[in-house]
Amino acid sequence: MIEHELSLYINDRLHQVVVDSRRTLLDLLREQLRLTGTKKGCDHGQCGACTVLLDGTRVNSCLVLAVTCEGAHVTTVEGLGTADALDPMQEAFVQHDALQCGYCTPGQICSAIGMLDEVRRGVPSHVSSSLEAVPAVLDEREIRERMSGNLCRCGAYVNIVDAILSQVG
Amino acid sequence: MSIQAPERLSFIGRDIERVDARLKVTGRATYAYEYPAEHVAYAYGIGAAVARGRITGIDSSAAQGVEGVIAVLDHTGAPRLGETNNRELLVFQSDRVSYRGQLIAAVIAESFETARDASQLVSVSYEQDEHDVVLTEDHPASFRPEHVAYRVPEVSVGDVETALAQAEITVDQAYATAAAHHMALEPHASLAIWEEDQLTVFESSQYAYEARDVIAKLFALGPEQVRVINGYVGGGFGSKGSPRPQMVIAAMASRVVGRPVKMALTRQQMFPVSGYRGPTVQRVRLGANRDGELTAFEHRAAAQTSRLHDFAEPCTTGTRTMYAAANRFDTHRLTRLDVPTPSFCRGPGEAPGFFAVESALDELAIASGVDPVELRIRNDTTRDPSTGHEYSTRNLVACLEEGARIYGWSRRRNQEAEGWRTGHGVASSMYPTYQMPSRAAIVAYPDGTFAVRLAAVDIGTGSRTALLQIAAEQLQVPLARVNVEIGDTSLPYAVGAFASLGTASWGHAVHLAGREMRQLLEGTDTIPPEGLRVEVDTAEEIQARPAKANAAFGAQFAQVSVRRHTGEVRVDRLVGVFAAGRIVNPRTTRSQLIGGMTWGISMALLEETALDPNLGEYVTSDLASFHFASCADIPRIEASWIEEDDADINPVGVKGVGEIGIVGTAAAIANAVFDATGVRVRSLPVRLDDLLGD
Ligand code: FES
Ligand code: FES
């Protein structure tokens, strides 16, 4: 086992930690820092439950080795809002009942926030008709496509799409 | 003292926010693997590399030598376990391998990374036997099981052969459905903590008391020595209805190493180890007159199980209750193969069974020229055609009519545009209404608050919210004054969350407890500091129910588009109307129904865990190769219902909505595919290559 010292910001707080070089960002959050809001669904980049914002961009934290995060800014679901003051996206998920078991939910919410930012920046998707529009066009079909990296086995997609649509300005 | 509010408070039927939604969207709901435990160790399982055979040697010395490894457990040194009727749980007790991927050893280490890494260093040798993993309709080793999901395997009424011979129209077709895995998003996980001879397990379980009793027996403990906590569960769909090997391994390892141990199945391990919907091969024979009125109804099903445990998918039991036909026969065959044990999976039996039956009905509609909605209405019945019992409520016809109205069935048209052809299909849904005894306690406190306590569980269904509404309605106090405590065997006994019987069974108990508490408070002046407590059991009332047939019904309408040159199928629209008793919470009910219908689309078009007959293994064992519906696969889904007042089933009138949404959906879609293309697909999932070739 090789250990590394690492400094990174999680939800705007500086953390100095020693990590196993094999440790993913996901397991650093969950097992070392007890930030268990970020979920492990597959550990292989195939479900999206572990989605966090890494320097503002959505990533599967199970595919990021912690040691690569020196100096990085990570936002997890715990950093978005509190039970009394939810982030608008969290509030939209509550209002639209865009969750059932809740296990995919933190990843869905982080992913949705990251996705809206990609749209603002004009990042096209597989179904975009224009590759150049800034911001990119966002309709139901685009949301479905862009959110397809976040699986929900409970089948809450219909409500997830509605929740996100309600946040499209 | 009176807690009677001046105006009657009503909460049942109200659209109330899911009570744990805020916890879930902020990541503060705690699932089994996430409970903090001091000095916890990690277990990582190792699966067998042959489908049938014997372990001849395990060398774990290299793994033992890795810094951070605490122990390696396998059949050569593992503690002996006690009794169980599920041999899947007898982990590390013998050198036998019964299916590929069966857990045969585990590494316990200081960290997950070390445990996983060291597991690669364990070398295992086998004596391999020839395996048999392929289900066929008439497998030579097949037999009629003694029961299928607690029901008789075969029912015969009248004389099907004669009726078929005399029928003006007959349908005789074979149908098949693929193996598919539950794949709850939360992997099966257990955290076991021993304190002296007391064992606490945080468990991803749909049924805490069952898990407790099973684990107590295996470790030769009294039930009171085991506590199981399942506060939040990340989906189950049947796979978490009974304990899985990781629970036994965590408890065993924790005892061996003297520390808390946690273990989660990896996503890949979930395929062999956590159950699945087995494949089915079915045959339906229908006889009818020229008007489409059924005279004969036969349904045969073949399914597989493992060599460890008999589980028979109850494919034809739903058929017994569906349509009027004087002559009926249904039966099951089961074959033991060298495969993992299948298990209950959302809409067990009905989901695959209705694909066959509701497809066959569509074939009869085509053959008789009767509209498929009308055909189903014509064959409706007021009595269960197999038992003769009257239905407490049966609103299949109302669902068909209302669904047809919402969908615009009479105005449907086939279109072709830009290479896409559109078609429409319909199918009926049904799920029996079950109920099992449960207990519930309510405590009233001097500050005017109440605690509702029972070992129910909310696996995402919204039961926490529904129970709150039922309790507040009985107590006649605002929701904010009631706390629902569930998910722990230190609470009164409650049955598990399965077969759509959870809210009905628990709601009944909470309703009774609430009523008793209200009566108690009416004769009480002051509440002592420790509170006043009542506890009830529903067993007697359930016994006393009238002998009637109880089931929820529904109708689903699908519009699909099929791309002419590629065979790609897209569901454009799905409408479902259901009659499932009283709806406690429209918001969570709609979510449940939509969830089930989403599963139905997924079953129709995507789900198949592919078997490699040479390896004897389900090979598409991750989420990149076993596909279930993603966001892009799911259109707008419209789910609504017809409210029913059914006091015969339970005092709250709840029938349950967890399963019915998936029943019939795949048939509605396959029927729509036929309508669009003229190609009848009788084997799920519908594949591109089924639709190519013209
Ligand atoms: S846990 Fe990272 S994508 Fe599934
Ligand atoms: S809410 Fe359960 S997986 Fe999405």
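**Entry 1. Buried area.** I looked up how much area domain 1 of chain A and domain 2 of chain A bury between them, and I found about 1200 Å². Of this buried area, 52% lies on carbon and sulfur atoms. I note that the model is predicted.

**Entry 2. The two domains.** I then checked the bounds of each part. The domain assignment places residues 3-79 of chain A in domain 1 and residues 88-165 in domain 2. I recorded 21 Å between the C-alpha centres of domain 1 of chain A and domain 2 of chain A.

**Entry 3. Contacts.** How many residues of each domain are in contact with the other? I read 17 residues for domain 1 of chain A and 17 residues for domain 2 of chain A.

Entry 4. I then looked up the salt bridge between the side chains of A:Glu118 and A:Arg58, for which the N to O distance is 2.9 Å.

**Entry 5. The side of domain 1.** Which strands each supply at least two residues of the side of domain 1 of chain A that touches domain 2 of chain A? I identified strand S3 (51-54) and strand S4 (57-60) of chain A. S3(A) gives the most to this side, with three residues. Sorting this side of domain 1 of chain A by class, I listed five nonpolar, eight polar and four charged residues.

Note on methods
Residues numbered from 1 in each chain as written. Chains lettered and ligands numbered in written order. Predicted model: local features only at pLDDT ≥ 70, side-chain atom pairs only at ≥ 80, totals over all residues. Heavy atoms only, no water. Domains from an automatic or database assignment. Contact = heavy atoms within 4.5 Å. Buried area = accessible area lost by both parts, 1.4 Å probe. Salt bridge = Lys/Arg side-chain N within 4 Å of Asp/Glu carboxyl O. Helix = DSSP H or I, 4+ residues; strand = E, 2+ residues; numbered from the N terminus. Nonpolar A, V, L, I, M, F, W, Y, C, P; charged D, E, K, R; others polar.
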